[in-house]
Amino acid sequence: MPEDLINSFMSGPDERGRFGKFGGRFVSETLMPLILELQAEYERAKDDASFWAEMDDLWTHYVGRPSPLYHAARLTEHLGGAKVYMKRDELNHTGAHKINNVLGQILLARRMGKTRIIAETGAGQHGVATATVCAKFGLKCVVYMGAHDVERQSPNVFRMKLLGAEVVPVTSGRGTLKDAMNDALRDWVTNVHDTFYCIGTVAGPHPYPAMVRDFQAIIGHETRRQMMEAEGRLPDSLVAAIGGGSNAMGLFFPFLDDRSVRIIGVEAGGKGVNAKMEHCASLTGGRPGVLHGNRTYLLQDEDGQILEGHSISAGLDYPGIGPEHAWLHETGRAEYVAITDAEALEAFKLCCALEGIIPALEPSHALAHVIKIAPDLPRDHLLVMNMCGRGDKDIFTVARALGVEM
Ligand SMILES: *Cc1c(COP(=O)(O)O)cnc(C)c1O
């Protein structure tokens, strides 16, 4: 349906978990009762003030929310156009936005009496956030991680172990994030009685995409309030990086019905979206299919085989994208663009030099797009980019890319 025929972009998904023709619940019969139990518990919690009061307390005292909305004055001056603000979610405990969502799911698990938490992780950020919250609540934590990633991301593997988690290297398939998610789903079916599956992005079968979005929407709700305080009006543009799409959905969601707000998602263009699929731009360079329980845009070859893609940023390395983004793309409510490794690296360096902030490589993609568009926008154009993670984890990757010996 074209954008101007839609009354609200905030009412989805429908009862079958669909955003237009995307999303849904493509799961085996054995998984269905687990999903329905989770959905029922989430519906109850969502309308329960005491659930949100507990979330607020943890967000404030454990995570460190609200994160600041920061006017990047030197970057703004350097670009010479739009007034650039950064939503500082990299200041959260554990260094990224992942913990916003993990807290919500683990409070749900506690309500359901589950004592064993499983998660999938790629670069390890979601695994670390899950291991952290499990330690805090004394829950058993098992993290599935592609064998290849276990090798590449050894500091995060050690962090998870320090926090008491068991890290299971996944060798099935090609031993990547996609395979780790498949193994986690298999574990869940086998260990229903005590296990809760904590998914790290707005993917998976319904209700995960909507539930993770609702937990991450704290980012957008705060931004709205903070921008009203700072400027007395709404922002003109929002820009966020997309792996599975959770930090972006969190920032975008509360603004979807404010049509004056331009919304831009930035995918990982790797070595270029036309070059032999050496990228992770599912919307810009993929096509619709079904993966991990939902229909969305996927990186796939002519036979429908899922491709792994490439990005300098391990956190953007997911071959799909949340179904709500696929729908926002098709309706035209949001725009999606791709940024290459090289452009992200330049943005990374500029952010260090001008703002004294070492960004993660994921939000460096968002920043690279800001650098492209801000100079041509008027000075009273208010632009917010989501600084969804800090760069400590990426310094070795950056050193390698810059040819620096450490
Ligand atoms: C995991 C991660 C991402 C990608 O996940 P989304 O669900 O797209 O947000 C992006 N940035 C950082 C810092 C991450 O840790």
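Which helix lies across strand E5 and E6? I started my notebook with that one, and I keep in mind throughout that this is a predicted model. The helix is H5, residues 125–137. I find that H5 runs at about 165° to E5, which covers residues 116–121.

I read an open sheet of four strands in the order E7-E6-E5-E8, with parallel pairing. Its edge strands are E7 (166–170) and E8 (195–197), and each of these pairs on one side only. On average, neighbouring strands here are turned by 25° against each other, direction ignored. A reminder to myself: strands of a sheet pair through backbone hydrogen bonds, either parallel or antiparallel.

I then picked out E6 (residues 140–146) and followed its pairing with E7, which is parallel and runs over five bridges.

**Entry: two helices side by side**

I checked how H9 (residues 208–216) meets H10 (residues 218–231). I note an angle of about 35°, with the axes 5 Å apart. From H9 the contact takes Asp-214, Phe-215 and Gln-216, and from H10 it takes Ile-218, Ile-219 and Gly-220. Sorted by class, I get three nonpolar, two polar and one charged residues in this contact.

**Entry: enclosed space**

How many cavities of 30 Å³ or more does a search of the whole structure find? I count two. The largest cavity has a volume of about 410 Å³. I listed 31 lining residues for the largest cavity, and nearest its centre lie Lys-98, Gly-200, Thr-201, Gly-244 and Gly-315. E5 and H5 turn up again here: together with H8 (177–190), H11 (246–252) and H15 (361–373), they are the elements that give two or more residues to this lining. I sorted the lining of the largest cavity into 12 nonpolar, 15 polar and four charged residues.

**Entry: open space**

The largest pocket holds about 660 Å³ of space. I find 27 residues lining the largest pocket, with Arg-152, Gln-153, Ile-312, Ala-314 and Thr-397 nearest its centre. H6 (147–152), H7 (154–162) and H16 (395–402) each supply at least two residues of the pocket lining. By class, the lining of the largest pocket gives me seven nonpolar, 11 polar and nine charged residues.

I went through the prolines for cis peptide bonds. Gly-12 and Pro-13 are joined by one, with omega about 0°, and Pro-13 sits in the segment before E1. Another runs from His-206 to Pro-207, with omega near 15°; I place Pro-207 in the loop between E8 and H9.

Thr-94 has a phi of about 75° and lies in the loop between E4 (83–87) and H4 (98–111). His-292 has a phi near 50°, in the loop between E11 (287–291) and E12 (294–298).

**Entry: buried or exposed?**

Is His-292 buried or exposed? I note it as buried, because its relative accessibility is 6% and the cut-off for buried is under 20%. Ser-11 is exposed, because its 58% is over the 50% cut-off. Ser-11 lies in the segment before E1 (18–19).

Key
Residues are numbered from 1 along each chain as its sequence is written. This is a predicted model: local features need pLDDT of at least 70, side-chain atom pairs count only at pLDDT 80 or more; totals for chains, interfaces and linings use all residues. Side-chain values use heavy atoms; hydrogens and water are left out. Two strands pair if DSSP finds at least two bridges between them. Axes are lines fitted to C-alpha atoms, for helices over the stretch in contact, and angles run from 0 to 180 degrees between N-to-C directions. Contact means heavy atoms within 4.5 Å. Buried means under 20% relative accessible area, exposed over 50%, partly exposed in between (1.4 Å probe, protein chains only). Ala, Val, Leu, Ile, Met, Phe, Trp, Tyr, Cys and Pro count as nonpolar, Asp, Glu, Lys and Arg as charged, and the others, Gly among them, as polar. On a 1 Å grid over the protein atoms alone, a cavity is a set of points where a 1.4 Å probe fits but cannot get out, and a pocket is an open set with protein on both sides within 12 Å along at least five of seven lines; lining residues have an atom within 4 Å of a point. Grid points are joined across faces, edges and corners, and a volume is the space filled by probe spheres set on the points.
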